[in-house]
Amino acid sequence: AFISCATMPRNPYYSGPVSDHFDGTRFFIPGYSSDKSPADIWRWRTETRPKARWPAHDPSPFRDHPPARVSGDDLRVSTIGHASVLIQTQGLNLLIDPLWSQRASPVSFAGPKRVNPPGVALDDLPELDAILVSHNHYDHLDVPTLRWLARHRPARVLTPLGNDAIIRKAVPSLRAQAFDWGARVDLGQGCALHFEPAYHWSARGAFDRRMALWASFVITTPAGAIYHIGDTGYHDGAIFRAARDKYPPIRLAILPIGAYDPRWFMKDQHVDPEEAVRIFGDLGAAWGLAHHWGAFRLTDEPIDEPPRRLAAALDAAGLPRARFVVRRPGEVYAVPPLI
């Protein structure tokens, strides 16, 4: 079956013209690949190197009850857990990669299990203006959460090409709209959403690798841009420096710092804390917020290692730790103005 799929691919999510990052079946990044073979996966799962144990429960002491709206240039970011954040500014409420399920998995009885509850209860979410989904991995596109939102906090879903088909099939009542890299979507209130590349990939199953697009998000506002990337490798850093030139000034960069070990396997798809600091510098961002750590055990590093390594990397780069902060689920980051 694996050989058959490889020789006769069919894209179930997207049909469109060939481009510099779409070959008619699969999306790609020119000159870059994060693909791993079955042998690579077997090596990772069976190698004898020490693997850190995670606690079964590591609850955050914080819970947030977001306001209905945040007006003007104030920027409030509620950390929900993993890659899920609620951004409130200019009277807009934007929810990114919502994941309230107990597992980041296609099934409810197996797969990575949440070790701390979401920092915001679903019922405490305010009215939403848009839901942003960066790509189709199960720790970013969570169907049970999207079903709940469709019933109780309906909003348009903005996502890269192909993911709209996945969402519409699972949750027909959601208005899912898909866009290519380089697209701009008006959000109102002088704000816009821009789709940009990431060094990553996509898949929902064994045979649909890179058949839906993945993206980073740039939200331009009257008080500076917000850059959010759900997952990425570092590669040569070119896409981050390009974003710095295209969207100045970047007020806030929301960057992943976890799910990076072992490096031989993860480096092409997930940055480590030291590389996150490099991205922060490449972007020229005024402020940074870490995410994608401490909620689900996806890889081999200890649960508390990413924040410690981030602090050390900031020190080594000569950057104040207050410039790039860590927040636990339920904590709020009131982002300072541009500096």
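**Buried residues and their contacts**

Author: Let's begin with helix α7, residues 273–283, which is mostly covered: 8 of its 11 residues are buried. Keep in mind that this is a predicted model.

Reader: Happy to start there. Which residues of α7 are the buried ones?

Author: They are Pro273, Glu275, Ala276, Val277, Ile279, Phe280, Asp282 and Leu283. After α7 comes glycine 284, with a positive phi near 65°.

Reader: What does leucine 283 touch, leaving aside its neighbours within four places in sequence?

Author: Leucine 283 is in contact with Tyr227, Phe240, Ala243, Arg244, Ile250, Ala253 and Leu255, with those sequence neighbours left aside.

Reader: Now to arginine 210. Why is arginine 210 called buried?

Author: Its relative accessible area is 17%, and buried means under 20%, so arginine 210 qualifies as buried. You will find arginine 210 in the loop between β8 (191–196) and β9 (216–220).

Reader: How do you know that the side chains of arginine 210 and aspartate 35 make a polar contact?

Author: The distance is 2.9 Å, and the cut-off for a pair of N or O atoms is 3.5 Å, so this pair counts as a polar contact. The side chain of arginine 210 also reaches the backbone oxygen of phenylalanine 27, at 2.7 Å. Leaving aside neighbours within four places in sequence, the contacts of arginine 210 include Thr25, Phe28 and Trp201.

Reader: Aspartate 139 is my last one. What makes you say that aspartate 139 has no salt bridge?

Author: The nearest side chain of opposite charge, arginine 204, is 7.8 Å away. A salt bridge needs a side-chain nitrogen of Lys or Arg within 4 Å of a carboxyl oxygen, so buried aspartate 139 has none.

Reader: Which side chains are joined to aspartate 139 by polar contacts?

Author: One is histidine 82, at 2.8 Å. Another is histidine 292, at 3.5 Å; since the cut-off is within 3.5 Å, that pair is counted too.

Reader: Where is aspartate 139 found?

Author: Aspartate 139 is in the loop between β4 (130–132) and α3 (143–152). Beyond its neighbours within four places in sequence, aspartate 139 is also in contact with Leu99, Ala104, Asp231 and Leu298, among others.

Key:
Residues are numbered from 1 along each chain as its sequence is written. This is a predicted model: local features need pLDDT of at least 70, side-chain atom pairs count only at pLDDT 80 or more; totals for chains, interfaces and linings use all residues. Side-chain values use heavy atoms; hydrogens and water are left out. Contact means heavy atoms within 4.5 Å. Helices (H or I, at least four residues) and strands (E, at least two) are DSSP runs, numbered from the N terminus. Buried means under 20% relative accessible area, exposed over 50%, partly exposed in between (1.4 Å probe, protein chains only). A polar contact is a pair of N or O atoms within 3.5 Å; within protein, one must be able to donate a hydrogen and the other to accept it, and residues adjacent in sequence count only if both atoms are side-chain atoms. Lys and Arg count as positive and Asp and Glu as negative; His and the chain ends are not counted.
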